[in-house]
Amino acid sequence: MSNRSDLAGRGPMLLAMVLAVLGYQINATMLSPALPDVIERLGTTTAAAGLSQTLFFLMAAIGQVTLARLSDQRGRKPMMLVCAVVLIAGNLLCVFAPNIEVFIAGRVLQGISAAMFTLAFLTLNQLLTPAGFGKAAGIITAVNGGLAGVDAIAGGQIADTIGFRGIFVCSTVIAVAGLVGVRKYVPDTAPTTADARFDSRGIAALALGLTGVLVGLAQGGAWGWTSPLTLAFLLGGVPSLGFFVVSQKSAPNPVIDIEVLASRRAWPLLLTTVCTLGGTFGAIALTIPLFSQDARVGLGLSAVTAAVLFLTPIQLIGVISAPLTGRLGPKIGWHTIVVTGAVANFAIFLFATFFLHNEWILIASLAALGVTYGGFMLTGLNGLAVTTAPKDKPGSLSGLNGACFGIGASLGIALASAMITAGSDAGGPTEAGYQHAMYTALVLLGIGVVTAFLIRRPDPAETPAAEPRPVLVHH
């Protein structure tokens with residue numbers, strides 16, 4: 001007998017998951033228009049603010065791949081509760097941060113809680129029919145872009161009035177509600193690999209490697225590309241990543257399954273995710289918020305106005321398009337959704353890049369990303385990762401893909417920060433710096449188009465059937 005059900009009757013569970021993931025997500029969407037306020041109130045630099053964003057999304061990557069695999073062994077719900085507690089702790093650090101160092105520590109903890117997204121997708125896939133999962137995945141993905149644009153406006157308003165700390169107070173309230181909801185309404189699901197040992201050595205090597213490379217890229221412009229500190233991060237990170245790959249071949253329960261990673265169902269998908277997030281998020285989370293509020297060479301707008309014009313449309317349209325994409329995915333195929341979104345994303349971004357100073361073209365381009373990025377790409381990439389993962393390791397590909405969301409976002413922000421910093425003069429960022437950051441984003445999106453076409457279409461024999469299927473539990 002099937003243990004799966006349709007979405008009907010799962011409203012409280014889905015609402016609890018929405019609140020849980022929203023508590024994390026608004027720390028990205030609400031803070032973006034408030035970055036200039038963070039720089040001013042903490043007396044820091046653009047490079048340091050960029051580093052806080054880089055580490056936030058880097059920890060999101062590490063948290064997702066780590067907690068997704070742990071959830072295979074310990075269960076989804078316990079790991080969701082851990083995520084909620086860590087998020088609340090990170091929020092409190094940012095609320096009371098006296099300097100940028102404490103603020104960055106809080107952002108690190110907040111980033112780890114990004115695993116809530118992957119855990120929600122995995123739980124929904126275990127509990128719902130394929131049709132029900134598609135609908136629910138669209139709703140959760142819509143939250144991935146924020147709260148229908150309201151959070152971006154609120155973030156700008158809070159930054160213009162009481163300051164950035166108010167954003168984290170809002171996030172804490174939502175995170176507490178999510179914690180209570182998950183504990184009460186999300187059912188326990190049986191572990192799938194309960195007897196496996198966690199690969200702590202692999203996680204440590206992955207964390208050191210990614211931190212070294214991405215922090216080196218993010219701060220190279222500020223520290224100097226040949227400075228001992230930059231070289232120490234970069235040259236220390238690369239060997240750590242190499243050791244991580246080698247260690248995964250002999251680990252009894254590897255963090256990343258090399259066989260899965262080597263498959264064309266995996267590596268092109270993961271590269272597409274990295275490049276899509278790198279190109280798009282680097283622009284909308286750092287470059288455009290800073291450029292739109294730059295009175296010297298940018299548009300000179302207030303935080304609220306910038307949020308209303310450039311961030312809200314993406315989120316508002318994404319809230320509508322993501323659930324629609326979730327319904328469409330099982331019908332036409334998640335692969336088709338991803339390829340279509342990647343091509344359209346690149347085409348639209350051309351206009352945003354070459355007409356950066358034209359407010360109306362920039363507004364229209366970013367609004368269109370609500371469909372191609374907020375709907376097709378975010379929903380499609382998540383749907384494809386969950387539905388094509390090996391059935392005996394359901395958390396493997398989804399966890400990797402979730403990690404690549406964080407890696408892509410942190411890489412995009414690191415490169416954008418480096419381009420803006422490298423293009424700065426005594427008066428601050430220059431027009432050339434912003435333009436080079438946008439060119440870099442466009443290159444990443446172009447690579448994403450190529451890799452999207454390389455993703456292997458799922459074998460029909462491995463595709464979930466239309467009717468409910470039982471959940472396989474491995475003891």
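**View 1. Phe168 in the predicted model, a buried ring.** Phe168 has 0% relative accessibility and therefore counts as buried, the cut-off being under 20%. Phe103 is buried as well. The ring centres of Phe103 and Phe168 are 5.9 Å apart and the planes meet at 70°, so this pair is edge-to-face. Because Phe103 belongs to helix H5 (residues 100-112) and Phe168 to helix H9 (residues 165-185), the contact ties together parts 65 residues apart in sequence.

**View 2. The pair formed by Phe164 and Phe168.** Here the planes stand at 80° with 6.3 Å between the ring centres, so Phe164 and Phe168 are also edge-to-face. Phe164 counts as buried because its relative accessibility is 0%. Over the whole structure, the search finds 8 aromatic pairs.

View 3. The structure has 3 cavities of 30 Å³ or more. Two or more lining residues come from each of helix H13 (267-292), helix H17 (394-422) and helix H18 (431-454). H13 contributes the most, with 5 residues. Among the lining residues are Gly278, Thr287, Leu415, Ala437 and Leu444. By type, the lining of this cavity comprises 6 nonpolar and 6 polar residues, with no charged ones.

Definitions and conventions:
Residues numbered from 1 in each chain as written. Predicted model: local features only at pLDDT ≥ 70, side-chain atom pairs only at ≥ 80, totals over all residues. Heavy atoms only, no water. Phe/Tyr/Trp six-rings, centres within 6.5 Å; stacked < 30°, edge-to-face > 60°. Helix = DSSP H or I, 4+ residues; strand = E, 2+ residues; numbered from the N terminus. Buried < 20%, exposed > 50% of the residue type's maximum accessible area, 1.4 Å probe, protein only. 1 Å grid on protein atoms, 1.4 Å probe; cavity = no way out; pocket = protein on both sides within 12 Å on 5 of 7 lines; lining within 4 Å. Points joined across faces, edges and corners; volume = space filled by probe spheres on them. Nonpolar A, V, L, I, M, F, W, Y, C, P; charged D, E, K, R; others polar.
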